[in-house]
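Let's take a friendly walk through this chain together. Have the sequence and the coordinates open as you read.

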Amino acid sequence: FSFWIKRGLLSNEGLTVMWSNTYTDDNNRTYISINTSDQLTTSVQWSGLDSSTTTNMLLRDTSAWYHCVIRYNSTEATQSDRVKIWVNGELQSLSSSGGTYGNQKIYQN
């Protein structure tokens, strides 16, 4: 995915979802969002398993445009290579939930 975003308002009301796709139900979906800490987050949920990654960078400048590129490749053998996120051309350091960077079984059916 490649997109531009400009934050107009900072809020701690919940996730700001920018893109979402549901396959069959809430246990099988993907989304890209900004979390309540102003970090870019990706989440892939498959059969209730959640693989989420979050940038350590904060997107708090309401006067700036951010160019974001997200690459997800579930076939990568190394977990940390499965999700890569660039913001304004800089590869971001990421943290993940559940200790995984994308489930290798997702999308391989």
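## Overall layout

Strands, labelled E, are DSSP runs of at least two residues, numbered from the N terminus. The protein chain has 9 strands and 0 helices, and from the N terminus on its elements read β-β-β-β-β-β-β-β-β.

Of the 109 residues in the protein chain, 37% count as buried. Looking at contacts between residues at least 6 apart in sequence, 43% join residues at least 24 apart.

The average pLDDT of the protein chain is 79, and 73% of the residues score at least 70. Among the elements, strand E8 has the highest mean pLDDT, at 96, while strand E2 (residues 16–22) has the lowest, at 71. Over residues 105–109 the pLDDT is below 50, although this stretch has 12 contacts in the model beyond near neighbours in sequence. Where pLDDT is low, the predicted coordinates should not be read in detail.

## An open sheet

Which strands make up the open sheet, and in what order? There are 4 strands, arranged E1-E6-E7-E8, with antiparallel pairing. Strand E1 (2–6) and strand E8 (90–91) stand at the edges: each has a single partner strand, so one side of each lacks a neighbour in the sheet. As a general point, strands of a sheet pair through backbone hydrogen bonds, either parallel or antiparallel.

Tryptophan 4 stands opposite histidine 67 in E6.

Isoleucine 5 belongs to strand E1. Is its side of the story buried or exposed? Isoleucine 5 is buried, because its relative accessible area of 14% falls under the 20% cut-off.

Leaving aside residues up to four places away in sequence, isoleucine 5 touches Met18, Ile34, Ala64, Trp65, Tyr66 and Cys68. Isoleucine 5 and histidine 67 lie 62 residues apart in sequence, yet their C-alpha atoms are 6.6 Å apart in space.

## Threonine 53 and its polar contact

Threonine 53 sits in strand E5 (residues 49–55). With a relative accessible area of 1%, threonine 53 is buried. What does the side chain of threonine 53 make a polar contact with? The partner is the side chain of threonine 42, at 2.5 Å.

## Two loop residues with positive phi

Aspartate 38 lies in the loop between strand E3 (29–34) and strand E4 (40–46). Its phi is near 70°, a positive value in a residue other than glycine. Aspartate 38 is also buried, because its relative accessible area is 7%, under the 20% cut-off.

Asparagine 88 is found in the loop between strand E7 (83–87) and E8. Phi of asparagine 88 is near 55°, again a positive value in a residue other than glycine. Asparagine 88 counts as partly exposed, because its relative accessibility of 41% lies between the 20% and 50% cut-offs.

Conventions
Residues numbered from 1 in each chain as written. Predicted model: local features only at pLDDT ≥ 70, side-chain atom pairs only at ≥ 80, totals over all residues. Heavy atoms only, no water. Buried < 20%, exposed > 50% of the residue type's maximum accessible area, 1.4 Å probe, protein only. Polar contact = N/O pair within 3.5 Å; in protein donor to acceptor, adjacent residues only side chain to side chain. Pairing = 2+ DSSP bridges. pLDDT = per-residue confidence, 0-100. Contact = heavy atoms within 4.5 Å.
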